[in-house]
Amino acid sequence: MKRNIRISGTARMPGDKSISHRAVMLASLAEGESRIRGFLHAGDTLSTAGMMRALGAGVREVSDTELAVTGRGLRGLSEPGDVIDAGNSGTTMRIGAGILAAQPFLSVVTGDPYLRRRPMQRIVEPLTRMGAAISGRKGNTLPPLCIRGGKLSGIRYEMPVASAQVKSSVLLAGLFAAGPTTVVEPLPSRDHTERMLSSMGAKIVREGNEVTVHPPDRLLPLSLDVPGDISSAAFFLVLAASVPGAGLRLDGVGVNPLRTGLVNVLRRMGAEIRLESLRQEGGEPVADIEVMGLDLAGVEVFPEEIPGMVDEVPALCVAAALAGGRTVIRGAGELRVKESDRIVAMVSALSSLGVRCGEYPDGLWIEGPSRIAPGMRCDSRGDHRIAMSLQVLSAAAGVPIEIVDTECIDTSFPGFRGILAEVLA
Ligand code: S3P
């Protein structure tokens with residue numbers, strides 16, 4: 001479907017959010033000074049920096065995107081003087097809890113109203129099994145969490161859900177445990193924690209769907225260049241892919257194979273996407289991505305593909321609404337417990353814009369190509385990825401959409417609007 005929209009140019013994405021979180025946490029546990037270049041300066045990652053400062057680490061902003069972190073070593077953190085505020089960030093609370101569970105002191109972690117609705121049972125259960133005392137609202141399932149850490153034992157933990165946050169939380173607790181800790185994954189999830197820990201000298205062993213951490217004596221400091229965030233790139237990949245004739249280049253994006261599910265699906269839909277100058281930076285694969293827009297066709301997305309694109313599904317829904325035919329996404333029940341229920345959020349926004357779509361308990365279907373109704377009002381539900389997806393839909397369809405609450409975009413991608421305006425110019 002020809003639309004009169006021009007999308008071209010080259011853009012650089014902000015630093016990867018998952019890697020930025022992990023870098024501040026692990027650098028705080030290292031011995032000596034770490035340098036983190038390309039750090040994501042956004043609400044969520046600043047929450048993690050604030051948490052590590054509250055625990056006594058020296059976290060200094062050398063510039064907007066570079067941190068110098070003076071680590072306190074594995075035994076050197078101190079009891080925070082106040083409640084820790086994780087803001088909107090599930091990663092701060094869940095992975096951070098893995099560290100707090102092992103400290104010989106009390107920590108209380110809370111968050112904003114969205115985070116206080118998100119399930120914490122998934123980390124409370126294994127961390128309690130390791131020996132921590134954790135309580136929370138609603139039978140220890142919801143934040144705030146009150147964590148009395150202490151001596152932990154290594155466990156073997158079979159995760160009921162594929163979650164990199166849960167895996168990372170248990171692995172970080174395992175750094176401090178007596179004996180090795182093994183996590184068994186139902187499906188492979190992002191492995192940034194494992195890669196970073198290995199680069200800091202910890203012994204991490206992967207065997208099939210199991211990963212084991214052997215408690216190290218110490219962690220070496222990091223000198224890290226954080227790659228561009230593929231989850232932020234996702235919005236621009238979808239924008240260019242969905243507009244026939246568009247061409248966009250995104251430089252220096254992390255292309256860890258456990259994060260590139262969206263690239264595979266967009267290619268299946270007919271988009272031309274090339275990964276150029278593939279290289280390794282900071283133990284992670286990085287590439288310049290070229291994307292060309294063509295007429296896309298609806299596809300089926302399978303449950304085993306979801307962990308590799310879990311944050312990109314709202315953006316994919318935009319491509320699906322503009323593609324010809326039906327897209328079916330299954331095995332995505334985890335979307336219901338993200339910053340919002342992303343299945344409800346996308347189906348209700350797309351429906352109000354005139355897109356034929358519907359829910360499954362574990363996913364959604366979308367029928368395209370749709371003519372997007374102009375001037376409608378849609379609610380982001382305070383969810384950054386919903387807000388950005390709707391802005392991309394508006395840009396790709398060339399139709400104004402009034403989006404309620406776009407401030408939440410700053411939790412992961414403060415420069416989003418500026419880059420969008422540039423590539424549309
Ligand atoms: C993340 C893992 C994913 C993702 C989140 C970041 C991480 O969550 O949705 O935005 O950094 O480990 P789950 O582990 O809950 O799937």
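Predicted model: local features only at pLDDT ≥ 70, side-chain atom pairs only at ≥ 80, totals over all residues.
**Ground rules.** I number residues from 1 along each chain as its sequence is written, and for side-chain values I use heavy atoms, leaving out hydrogens and water.

**Ligand site.** I looked up what surrounds the ligand and listed Ser-18, Arg-22, Thr-91, Arg-94, Ser-163, Ala-164, Gln-165, Arg-190, Val-310, Asp-311 and Lys-338, a residue being near a molecule if one of its heavy atoms lies within 4 Å of it. I then asked which helices supply at least two residues each of this shell, and found α1 (17-29), α3 (90-100) and α6 (164-174); helices here are DSSP runs of H or I with at least four residues, strands are runs of E with at least two, and both are numbered from the N terminus.

For polar side-chain atoms, I noted that one of Ser-18 lies 2.7 Å from an oxygen atom of the ligand, that an N or O atom in the side chain of Ser-163 is 2.7 Å from a ligand oxygen, and that Asp-311 also places a polar side-chain atom 2.7 Å from an oxygen of the ligand. The protein covers 95% of the 380 Å² of accessible area that the ligand has on its own, with areas taken from the Shrake-Rupley method with a 1.4 Å probe and, for residues, only the protein chains shown counting as cover.

In helix α4 (residues 121-130) I listed Arg-122, Ile-123, Val-124, Pro-126, Leu-127 and Met-130 as the buried residues, where buried means under 20% relative accessible area, exposed over 50%, and partly exposed in between, with a 1.4 Å probe and protein chains only. After α4 comes Gly-131, whose phi is positive, near 125°. How many residues of helix α10 (residues 313-322) are buried? I counted 10 of its 10 residues as buried, among them Val-313, Pro-314, Cys-317 and Leu-322.

**Glu-290.** I located Glu-290 in strand β16 (residues 284-292), and it counts as buried because its relative accessibility is 18%. Its side chain is joined to that of Arg-249 by a polar contact of 3.2 Å; such a contact is a pair of N or O atoms within 3.5 Å, and within protein one must be able to donate a hydrogen and the other to accept it, with residues adjacent in sequence counting only if both atoms are side-chain atoms. Leaving aside neighbours within four places in sequence, I found Glu-290 in contact (heavy atoms within 4.5 Å) with Leu-248, Arg-249, Glu-272, Ile-273, Arg-274 and Glu-276.

**Backbone details.** I noted a cis peptide bond from Pro-143 to Pro-144, with omega near 0°, and Pro-144 lies in strand β8 (residues 142-148). The bond from Gly-368 to Pro-369 is also cis, with omega near -5°, and I placed Pro-369 in the loop between β20 (363-368) and β21 (376-379).

Ser-277 has phi near 45°, sits in strand β15 (residues 272-281), and is partly exposed with a relative accessible area of 48%.
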